[in-house]
Amino acid sequence: MNSFVEVPSGSHFPIQNLPYGIFSRPDGGRPRVGVAIGEMILDLALLSERGYLDGPHLTRLSVFDRPSLNAFMALGRPAWREARSTIQALLRHDNPALRDETELRQRALIPAKSTRLHLPALIGDYTDFYSSREHASNVGAMFRGKENPLLPNWLHLPVAYHGRASSIVVSGTPVLRPYGQILESGADGPVFAPSREMDFELEMGLFIGPGNELGRPIPVEAAAEHIFGLVLVNDWSARDIQRWEYRPLGPFLSKNLATSISPWVVTLDALAPFRCSGPKQAPEPLPYLLSSDDWAYDIQLEIQLQSEKMDRPAVISRSNFRYLYWNMAQQLAHHTISGCNMRPGDLLASGTISGPEPHSYGSMLELAWRGSRPVQLPDSEVRAFLADGDRVTLTGWCQGDGYRVGFGQVSGQILPVQE
Ligand code: MN
């Protein structure tokens, strides 16, 4: 399948992908919904206004002329499927409907470079899981010893904490090094100082579509009806602040300083060809967490770091979404089993996605093993944690036969503390 829109080879956004995002046109107007295709953005607000997206589920009462995807997310899977097939048909090389309407085509397809991208959704609530067995084992081994790296609950439920939605930022937003309380080793009490152990976490996040009523859990088998799509997530973490504050209720200020996400939401339908089985789960999870479907996806992930001295980024780790022990359906079923209600636009992040090998770990804490084996960068720079000016970029894609379904990237630069 090809599009009349040019898609450079290796692009993350061929006609097989069609991720949704929120953008501002260079000629003004308020932010609206668009779809990435090659190096262009298709303006869905404009197409909808002209009646090109009409169908049983989507009418001219547009969900696209809005500054967030929430209204579209809330419509549910039949509307998402209808939109995807209509947009895919409009962009096909052999369909003249948009291709040969020169005036409309030129207005509806805008070079991505000339636009501004925003957060894709108004995120009401944000939860961060801890679903990578490798990551949990590495952190456990570092802080509690190798004998029992996993706490007794870990293999029975997807551990998580409720995060902070207000400080979720879109890719490109700088991240300020925070001040906080830090207990230096051997000290009697904490000092108040800038974090010296700034870190990233390689994660992916799912956006909720239709929610559930308070008191009515989402069964594991119904998860696909409630998951709109996925983005890349960098859960910035101040490890020294985290180490002192986290007991007994979990991370707080070490994580709420900022969380960065990629601007394009890739739908489950676009990811369907890359579905695969995840790690075998033993002991068998309790029945409410048992799913008959495969819920892993073969998404290749990469972490790049660029210091102020470097003229291009270096790849410091390669991982894969399929390594996650607890899958998205289980996360959603577990999150709501208490009766907790989800709302359209809520974000559930996976937790750090570490692979089995040291070069596949998803945080600096693990890559440099708590500072004991610093990461080597070009020009003899080394890192145990992030330095001011460091830019961290996460990217991810599924490799199809001659095309990629990709996520673009999420990038952020560490700025020094503000005096
Ligand atoms: Mn995290």
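Biologist: By class, what lines the largest cavity?
Modeller: In this predicted model, the lining has seven nonpolar residues, three polar ones and no charged ones. Gly counts as polar here. A cavity is a set of points on a 1 Å grid over the protein atoms alone where a 1.4 Å probe fits but cannot get out, and lining residues have an atom within 4 Å of a point.

Biologist: Which residues line the largest cavity?
Modeller: Met-204, Gly-205, Leu-206, Leu-230, Phe-321, Met-328, Gln-331, Leu-348, Ala-349 and Ser-350.

Biologist: Which elements give two or more residues to that lining?
Modeller: Strand E13 (202-208), helix H10 (328-336) and strand E22 (347-349) do. Helices (H or I, at least four residues) and strands (E, at least two) are DSSP runs. E13 has the largest share of the lining, with three residues.

Biologist: Any caveats on numbering or confidence?
Modeller: Residues are numbered from 1 along each chain as its sequence is written. Local features need pLDDT of at least 70 and side-chain atom pairs 80 or more, while totals for chains, interfaces and linings use all residues.

Biologist: Switching to sheets. What order do the strands of the five-stranded open sheet have?
Modeller: The order is E4-E3-E2-E1-E5, with antiparallel pairing. Two strands pair if DSSP finds at least two bridges between them.

Biologist: Which strands stand at the edges?
Modeller: E4 (109-111) and E5 (116-118). Each has a single partner strand, so one side of each lacks a neighbour in the sheet.

Biologist: And how many bridges join E2 and E3?
Modeller: Four, in the antiparallel sense, between E2 (residues 32-37) and E3 (residues 40-43). Opposite Leu-42 in E3 stands Val-35.

Note on methods:
Side-chain values use heavy atoms; hydrogens and water are left out. On a 1 Å grid over the protein atoms alone, a cavity is a set of points where a 1.4 Å probe fits but cannot get out, and a pocket is an open set with protein on both sides within 12 Å along at least five of seven lines; lining residues have an atom within 4 Å of a point.
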